[in-house]
Amino acid sequence: MEKALFIIVAVIAVASALNILIQRNPLYSALSLIGTLLSLSVLYLTLRAQFIAAIQIVVYAGAIMVLFVFVIMLLNVPKAQPEVEKQKGLRLLAIPFASVLIAEMFFVLRPIRVLTLPIPSGDPEQAVGTTWSIGTGLFSDYLLPFEVTSVLILMAVVGAMVLARREGD
Amino acid sequence: MTNLLLEWAIKTIVILIILVTAVAYVTLMERKVMAWIQMRVGPNRVGLFGFRLWGLMQPAADGLKMIFKEDIVPIQANRWLYIFAPALSLIPALMTFIVIPYGSEISLFGRTIELHVTRMNVGLLYVLALTSVGVYGIVLAGWSSNNKYSLMGGLRSSAQMISYELALGLSIVCVLLYSGSLDLVEIVNKQSVWLGHMGWNIFRFPLMFVFIIFYIASLAETNRTPFDLPEADSELVAGYHTEYSSMKFVMFQMAEYLNLITASSIATTLFFGGWNGPFVGRLPYLGPVYFVIKVLALIFLAMWIRYTVPRFRYDQLMRFGWKALVPAAIVNIIITSTVILFVA
């Protein structure tokens, strides 16, 4: 049953990911991206990573994509899309970059011969991917990266405020 | 396994039927409470078999009327998104309820049945996730109607919900510090230990102030007055659902009242001990009764606020959310963790 769920959701994820590229209207692309994010979160659930699945929806589908949609609606994109600025150099540059990415993907997938889902074992409360294990991990083994990330985010927030500030405000 | 699946299916269907009926009667309650607060009588004509019954059949009459209304799709509207948007706001509202516990355990037909549809160890995050997905229904409705009032309503709503989600989440953190779990069943169980019904979170020191923040933020999340700017009728005609008619309009109304019921249920679960109450340990059937009483009281509070408090202006709403509620919630997290560290 899990395999069937995996296949259905994976097909939806890939289809909506392709739809992001195919659609001309940026709003439809944004909506397809939301579809991809939601189906990825179901995939996380089948891997027993409930916390990541919930955070995926709350942060990406819920907060970030709402801002995307918000901006697209405010900019009020005209119906007749002007053709994207053609920069021949950039286009040629895309080929080597894309092939490096594809090569990397094959390199990562190389050791996988048979597609199996990991079978969870032990106490379900302490499995990888629950709130408990992620919280404990963040505040013990990964304390320094965690704090550095929070400083980074704080810098971004302060930077955004400085940029958005009007003169004489 | 088959038995378990059957149990889930039955519970889901029963909850669904109860919720949809409850939505119908919350609209009647809204009209009655509004009438009483404004010194009127309210709907009292539609009854059964010639008896008036205080207008108890009013929701059925309203429903029939709405079904037979003409269903209009504006010619300039984005057809598919226009049809899709009401469903997108109704479905998350319905899905939220499966993690809320409404009782402990009862035995029925020789089986022990737990009175919650399902439990997950990220229950509260699941609720927050669905709330944030529900925004899309309103935003897309506003955009796809191709009407500037609708668009303004949708944009206001998305900005408002993102802003107040932050305060909501931060105020929930204080509760989590006490309960140590995101599982709603666990949160309710934690509240039953200390002196029976006095173990409710609302009686703990900083959490009573946290409840005020939580309640204000959840009023904003459910678009209730004083935060009902997305549908401010004096400025935006009706807001995001201006162009909607017939059952599509009803779906938005249903989603709105479902959100109200869900918000009240979450508040009950987090702060008022859920189904806990006197004698509930001996008579587990009392659990759902206490739960419903508490939820109805909170719904009444929301209606009371709606008909006595004027609406905020948009900039006031944003300033209040970011400059008052969010800092207050952060201060409360610090106070709560200090109290837990030094007292408990």
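This is a predicted model: local features need pLDDT of at least 70, side-chain atom pairs count only at pLDDT 80 or more; totals for chains, interfaces and linings use all residues.
Chain A is considered at the outset. Its secondary structure comes to 6 helices and 0 strands. Read from the N terminus, the elements of chain A run α-α-α-α-α-α. Chain A has 169 residues, and buried residues make up 16% of them.

Helix H4 of chain A covers residues 88-109. At 1.5 Å a residue, its 22 residues should span 32 Å. The end C-alpha atoms of this helix are 32 Å apart, which agrees with that expectation. A residue counts as buried here if 20 or more other C-beta atoms lie within 10 Å of its own.

Chain B also has a helix H4, at residues 123-144. H4(B) has 22 residues and reaches 32 Å from its first C-alpha to its last. That is close to the 32 Å expected at 1.5 Å a residue. H4(B) is mostly covered, with 22 of its 22 residues buried. Just after H4(B) comes Asn146(B), which takes a positive phi of about 60°.

Chain B is divided into two parts: domain 1 spans 1-68, and domain 2 spans 75-342. Taken over C-alpha atoms, the centres of these domains of chain B are separated by 20 Å. The domains also touch. In chain B, 18 residues of domain 1 are in contact with 18 residues of domain 2. On the domain 1 side, the elements that give two or more residues are helix H1 (2-37) and helix H2 (58-67) of chain B. H1(B) gives the most to this side, with 15 residues. By class, the domain 1 side has 12 nonpolar, 3 polar and 3 charged residues.

The two chains meet as well. Here, 16 residues of chain A are in contact with 17 residues of chain B. On the chain A side, helix H3 (residues 50-75) gives the most, with 14 residues. The side of chain A that touches chain B has 12 nonpolar residues, 4 polar residues and no charged residues.

Methods
Residues are numbered from 1 along each chain as its sequence is written. Chains are lettered from A and ligands numbered from 1 in the order in which they are written. Domain bounds come from an automatic or database domain assignment. Two residues are in contact if their C-beta atoms, placed from the backbone, lie within 7 Å. Helices (H or I, at least four residues) and strands (E, at least two) are DSSP runs, numbered from the N terminus. Ala, Val, Leu, Ile, Met, Phe, Trp, Tyr, Cys and Pro count as nonpolar, Asp, Glu, Lys and Arg as charged, and the others, Gly among them, as polar. The expected span of a helix is 1.5 Å times one less than its number of residues. A residue is buried if 20 or more other C-beta atoms lie within 10 Å of its own, exposed if 12 or fewer, and partly exposed in between; C-beta atoms are placed from the backbone.
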